[in-house]
Amino acid sequence: MHPAQTSSDSRPAPRQGAAMGSRSGDAGARGVATNAVLAQYESEEAAQYYSVILGGGGPDLHYGIYTSPDDSTTTASAKTVTVLRQLAEAAGAVFAPGVRVLDLGAGAGGAAQLLAETTGVSVTCVNLCRKQNEANREAVQRRGLSALITVVDGSYDDLPADWTATFDIVWSQDAILHAADKATVFAEAARALVHGGYAVVSDVGASANADAAALAAYVERMRLAEVLTAAEYEEGLAAVGIDILRTRDMTGHIIPNYRRMLGRIARERGRLDACSDAFLDTVVARLRTEITALQEGEAHAWFFLVGRKCGGV
């Protein structure tokens, strides 16, 4: 999601507006997407970058909502989780002890830990990156959350068969964009939900008014298999029986995030001992490119969606 990817490999051509009824995520495309995720988050350089620059030393590896010049990265990241939860609550979702939450693409577990601590929900985290999962498990143990949080090594497009109709809420922050075939992820999320359960999603996708060339360039930079608009997410979720109840466009918060990241790189560069100058120079250039792209054409967007499973399995 975030401009820290500096390596390249072969990958399927980027697509916008992929049909939700198609199953484009074959084994080859899925393997490429998996390798891209591991390259982006598991390398020593990337791990330190995300922890220090995006996460501010904490476990929240997603965009923050900055409402004041004095907001820290930690405060802004926690606010994102809170605002997304409140949007879900406005649609009828309940976060309380006994409620079962499935966090798809949980990263280092920042959202899961905050939800468990503040509301008492039980959270199952599914994540592809083993280093992040180990960091999540260590934090869960340290914060005394072992009774509420379980961390599973796995992929959100292939959930265990016995998870069918198990969870009250499926939660995912800025993670589904990496999927080779988002329709499969939507179907798996719907399968895991109980009837009447809620899907609570934030993600980065295509702007509805994106210039095709600018969007293609963004997809190439971020090594994505496909990128969808918020409306296409809604259509994809509806196709698996999840009716959208609430939406919120958060795109205006992306540039403040990128600018904060640039500032942190300048301040913290001396202690980023795992990050080469070439890596950091590439990240800085990409952050500036993304800011320009957003200012000129809004190639990508950030959005929140809340839906309820009313049909399907």
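**Enclosed elements and a pocket lining**

The buried residues of α6 in this predicted model are Lys182, Ala183, Thr184, Val185, Phe186, Glu188, Ala189, Ala190, Arg191 and Ala192.

Biologist: How many of the 11 residues of helix α6 are buried?

Modeller: Helix α6 covers residues 182–192. Buried means under 20% relative accessible area. Charged names such as Lys182, Glu188 and Arg191 are on the buried list too.

Biologist: Which strands pair with β2, and in what sense?

Modeller: Strand β3, residues 122–127, pairs with β2 over five bridges. Strand β5, residues 167–173, pairs with β2 over three bridges. Four of the five residues of β2 are buried, so this strand is largely enclosed. The partners are β3 and β5, and the sense is parallel.

Biologist: What handedness does the β-α-β unit of β2, α4 and β3 have?

Modeller: Helix α4 spans residues 110–119. The two strands of the unit, β2 and β3, are parallel. The unit is right-handed.

Biologist: Which element gives the most to the lining of the second largest pocket?

Modeller: This pocket holds about 210 Å³ of space. Of its 17 lining residues, the closest to the centre are Ala208, Ala230, Asp249, Thr251 and Ala301. α8, β8 and β9 each supply at least two lining residues. With four residues, the top contributor is β9.

Conventions:
Residues numbered from 1 in each chain as written. Predicted model: local features only at pLDDT ≥ 70, side-chain atom pairs only at ≥ 80, totals over all residues. Heavy atoms only, no water. Buried < 20%, exposed > 50% of the residue type's maximum accessible area, 1.4 Å probe, protein only. Pairing = 2+ DSSP bridges. Right-handed = clockwise from strand over helix to strand, strands pointing away. 1 Å grid on protein atoms, 1.4 Å probe; cavity = no way out; pocket = protein on both sides within 12 Å on 5 of 7 lines; lining within 4 Å. Points joined across faces, edges and corners; volume = space filled by probe spheres on them.
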